Amino acid sequence: MTVTTTFSAFSASSAAAAAVSGGSDVELRAPLAVLGGDVRVPLVTGGEVAYAALDYAASAPALRRVWDDVAAYAPYYGSVHRGAGYLSQLSTDLFEQSRATVAGFLGCRPDDQVLFTRSTTDSLNLLAAALPAGTRVFVFETEHHAALLPWQRAEDAEVVCLAAPRTPEQAVAALDVALHGAPKGPKLVCVTGASNVTGELWPVRELAAAAHRHGARIVLDAAQLAPHHPVDVADLDVDWVAFSGHKLYAPFGSGVLAGRPDWLRDAEPYLAGGGATRTVTRGADGRVDVQWHEGVARHEAGSPNVIGAYAIASACRALTEAGFDRLVEREQALLARLTEGLAAIPQVRVLSLFGPDAPRVGVVSFVVDGWNSSHFAAALSAEHGIGVRDGLFCAHPLVRVLLDSAPGEPGECGAPDAEPGERSLNAVRVSFGAGTPAEHVDRFLAAARSLVADGAAWRYHTEEGRCVPVKG
Ligand SMILES: Cc1ncc(COP(=O)(O)O)c(C=O)c1O
């Protein structure tokens with residue numbers, strides 16, 4: 001039987017993509033349609049407003065196209081790699097086609113593997129579990145915890161944590177020195193493409209060249225890069241790349257680890273279970289003997305999340321067809337509007353490792369004189385209907401560097417128990433993307449100016465780690 005894994009989603013979504021692309025007003029209108037644009041939220045000050053989602057770096061809204069594609073596929077949903085029925089065959093084909101689409105989106109080399117995981121965190125933990133014995137892992141302290149922490153749990157691996165560099169050149173030089181002095185043996189460098197705190201781009205190509213000069217491998221944490229910028233694995237010459245669907249407008253529980261097959265092929269399967277096995281028998285000694293697969297299936301035990309994989313592939317197609325260069329250009333225009341607006345508020349200090357002119361994606365963190373960041377973020381939400389993030393952004397060492405904190409200064413996840421205006425170790429982060437209308441950035445700037453000039457209408461205090469409004 002020949003299974004034709006096509007259904008109406010493809011033509012319907014192309015039409016939707018055409019409808020949202022084109023038009024000359026790219027400055028103001030979001031280039032891609034996302035869900036939630038018409039959601040209204042209540043204000044503590046009375047009435048309601050359209051929600052302005054400016055927390056894309058945490059989780060971006062779903063692309064309308066992704067949602068439509070998933071909805072069109074849903075009636076055809078079936079098991080993957082298990083099941084003889086037509087819909088199982090169709091779903092298996094769709095899952096494997098999604099792998100190929102992601103490989104194309106990432107510019108993978110012919111022998112690279114694309115594995116579907118749960119998220120970037122899962123992808124990097126999977127790679128950490130696959131390190132050859134005695135691997136030395138090099139990371140900067142500026143990494144997101146998902147890229148900083150998995151390595152030290154790996155058995156028999158040693159982690160070298162490099163101090164935050166203050167220029168991209170310093171980053172490359174520091175890595176060069178560290179790798180040069182490292183003893184023989186397997187080495188891995190893990191680096192982010194774009195910081196989830198400052199939005200700044202890291203010199204990935206140069207870091208990859210430095211890694212390879214010293215015989216090290218490199219994995220790119222593209223959680224914040226992939227939604228904002230084309231990523232080309234072969235061109236950047238990185239060995240692996242990891243990203244999350246929910247930051248790429250595809251919030252259906254999947255992530256990706258793509259790259260070299262060898263370390264993964266030689267490692268124990270990440271999870272033990274069905275799908276990863278070729279044969280399982282009860283041996284004469286009463287033990288269970290297993291032969292594991294060597295390809296991608298080795299690390300994809302359990303029933304695959306076909307909807308998550310298909311959603312990621314749909315988002316990859318949408319971004320590619322919209323023209324990534326056009327998306328980048330428009331995002332940079334919006335970023336300039338945001339940073340110029342913030343620069344005009346003297347009480348605001350934008351956080352940066354590499355300086356104000358460093359290239360960055362649409363992710364900006366800042367602190368405000370006289371404000372606790374959690375109170376500021378809570379007031380933006382409660383009084384203006386604007387969703388941003390506050391805290392240390394799962395990158396505690398980096399935020400400590402950026403805020404010049406004393407080593408013992410307390411700072412932890414969740415809103416601090418602080419008085420209004422009391423300084424604590426946290427910041428506010430605004431982030432946006434291809435679904436953000438310019439009006440959201442303008443509204444945010446107007447709200448920030450008003451809060452700084454006039455103060456909040458309500459008081460804010462912390463309850464169970466969340467900053468909430470209190471009248472009076
Ligand atoms: C740079 C970076 N890396 C890794 C992660 C972890 O992503 P996830 O929570 O989707 O696993 C994040 C999440 O914010 C991130 O910003």
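Visitor: How many residues of domain 1 are in contact with how many residues of domain 2?

Guide: Two residues are in contact if their C-beta atoms, placed from the backbone, lie within 7 Å. Here 26 residues of domain 1 touch 23 residues of domain 2 in that sense. This is a predicted model: local features need pLDDT of at least 70, side-chain atom pairs count only at pLDDT 80 or more, and totals for chains, interfaces and linings use all residues. Residues are numbered from 1 along each chain as its sequence is written.

Visitor: Where do the domains lie in the protein chain?

Guide: Domain bounds come from an automatic or database domain assignment. Domain 1 takes 40-53 + 323-470, and domain 2 takes 71-320. Their centres, taken over C-alpha atoms, are 30 Å apart.

Visitor: How do strand 18 and strand 19 run, antiparallel or parallel?

Guide: Two strands pair if DSSP finds at least two bridges between them. Strand 18 (residues 459-463) and strand 19 (residues 466-470) run antiparallel, joined by five bridges. One of the bridge pairs is Glu463 with Arg466 in strand 19. The two strands form a hairpin with two residues between them, and Glu464 in the turn has a positive phi of about 50°.

Definitions and conventions
Helices (H or I, at least four residues) and strands (E, at least two) are DSSP runs, numbered from the N terminus.
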